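Let me get the model up on the screen and then we can walk through a few parts of it together.

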Amino acid sequence: MEGIGLVDGKFVELDEYVVPIEDRGHQLGDGVYEAVLVYGGKPFLVVEHMERIFKSASMIKIDIPYTLEELVKFHLQLVEKTGLKEALIYSQFTRGIAPRKHAFPQGIKPRLSMTIRPWTKLDPYLKANGAKAILVPDERWLKCNIKSLNLLGNVLAKQTAHENGCFEAIMYRDGFITEGANSNVFVIKDNVIHTAPTDNKILAGITRSTILKFAREFNYVVKEEAVTPDFILNADEVFLTGTTTEVMPVVSINNQKIGDGKVGPITRKLHDAYMNKIQRECYV
Ligand code: PDD
């Protein structure tokens, strides 16, 4: 099956016209979203993702008219309806529908739309041999901790990556690495793992925190501190994390080899720990 949509609890075809012209998500990007991967028919870390959508919504003063349990149930309904085992579920809340004005209109109801689509596993060659990345200036706003619908900065960064034959754009702001266009960035030098702290300049990735937990369990030294572009280019290992990125090794940045240009042992160990967690939780 191709996939299906769910708008405020009602199933729709993916090509149906269901977005009213005056939906504030459509006209102003006034909303928040989440993306959850389904492995073996199970939405992975769905509770964590739904907790984050409540946080994102509250940071832009959208009051979600559903409970967390209802949002989780919508995910399960989409899986059941389509029978998809490997899929990506996207959810977004917009502030609602009203004549176009910047300030919040009174008395409108936030609108939930979701889609499920089949998901093809990440390229095993890239996973095994590592991906290429490019450094680009971070030109986004200063509330990157909110998973908001306004993704133009991320879209342009990713496009630059693709035009340069790269898997990801790694962004820097004020002389420090922030994150990827749709991933968090980890940098390893002399067995110390560095990743940017969860402030307003990055999204606090759910994969990021899962990996940090593993790293601490394995007794690696972890520094939640941003590094410079020069530091990352001279690192021993670099990898990216994200729902749709999983743990992706990076072996070249700006056409410069990272370390010896091969996937490093710490990256491999954390990658395997993450994939084993998916295996344990979703394929039993
Ligand atoms: N991206 N940073 C940004 C800017 C992102 O868009 C994402 C996720 C991440 C990683 O967050 P998480 O581990 O919670 O997925 C970091 C989309 C949703 C994705 O590619 O899955």
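Predicted model: local features only at pLDDT ≥ 70, side-chain atom pairs only at ≥ 80, totals over all residues.

What is proline 229 in contact with, once we leave aside its neighbours within four places in sequence? We get Leu135, Tyr172, Gly175, Phe176 and Ile177. And here's a distance for you: from proline 229 to serine 252 is 23 residues along the sequence, and C-alpha to C-alpha they are 13 Å apart in space.

Okay, on to the pocket. The largest pocket comes out at about 640 Å³. Its lining takes in 33 residues, and the ones nearest the centre are Tyr33, Lys147, Ala181, Asn182 and Leu203. Which element gives the most to that lining? That's helix 5, with 3 residues. Several elements each supply at least two residues, including strand 3 (31-39), helix 2 (46-59), strand 9 (176-180) and helix 6.

For a pair of packed helices, what we quote is the angle between the axes and the distance between them.

Take helix 6, residues 206-217, with helix 8, residues 265-282: their axes come within 10 Å and cross at roughly 115 degrees. That makes helix 6 roughly perpendicular to helix 8. The crossing is right-handed. On the helix 6 side you'll see Thr207, Thr210, Ile211, Phe214 and Ala215, and they meet Leu270, Ala273, Tyr274 and Lys277 from helix 8. Sorted by class, the residues of that contact are 6 nonpolar, 2 polar and 1 charged.

Now the other pair, helix 2 and helix 3, the latter being residues 68-82. They pack at an angle of about 125 degrees, with the axes 10 Å apart. From helix 2 we have Val46, Val47, Met50, Glu51, Ile53 and Phe54, meeting Leu68, Leu71, Val72 and His75 in helix 3. That contact divides into 8 nonpolar residues, 1 polar and 1 charged.

How values were computed:
Residues numbered from 1 in each chain as written. Heavy atoms only, no water. Axes fitted to C-alpha atoms, helices over the stretch in contact; angles between N-to-C directions. Helix = DSSP H or I, 4+ residues; strand = E, 2+ residues; numbered from the N terminus. Parallel < 35°, antiparallel > 145°, perpendicular 65-115°, else oblique. Left-handed = near helix turned anticlockwise from the far one by under 90°. Contact = heavy atoms within 4.5 Å. Nonpolar A, V, L, I, M, F, W, Y, C, P; charged D, E, K, R; others polar. 1 Å grid on protein atoms, 1.4 Å probe; cavity = no way out; pocket = protein on both sides within 12 Å on 5 of 7 lines; lining within 4 Å. Points joined across faces, edges and corners; volume = space filled by probe spheres on them.
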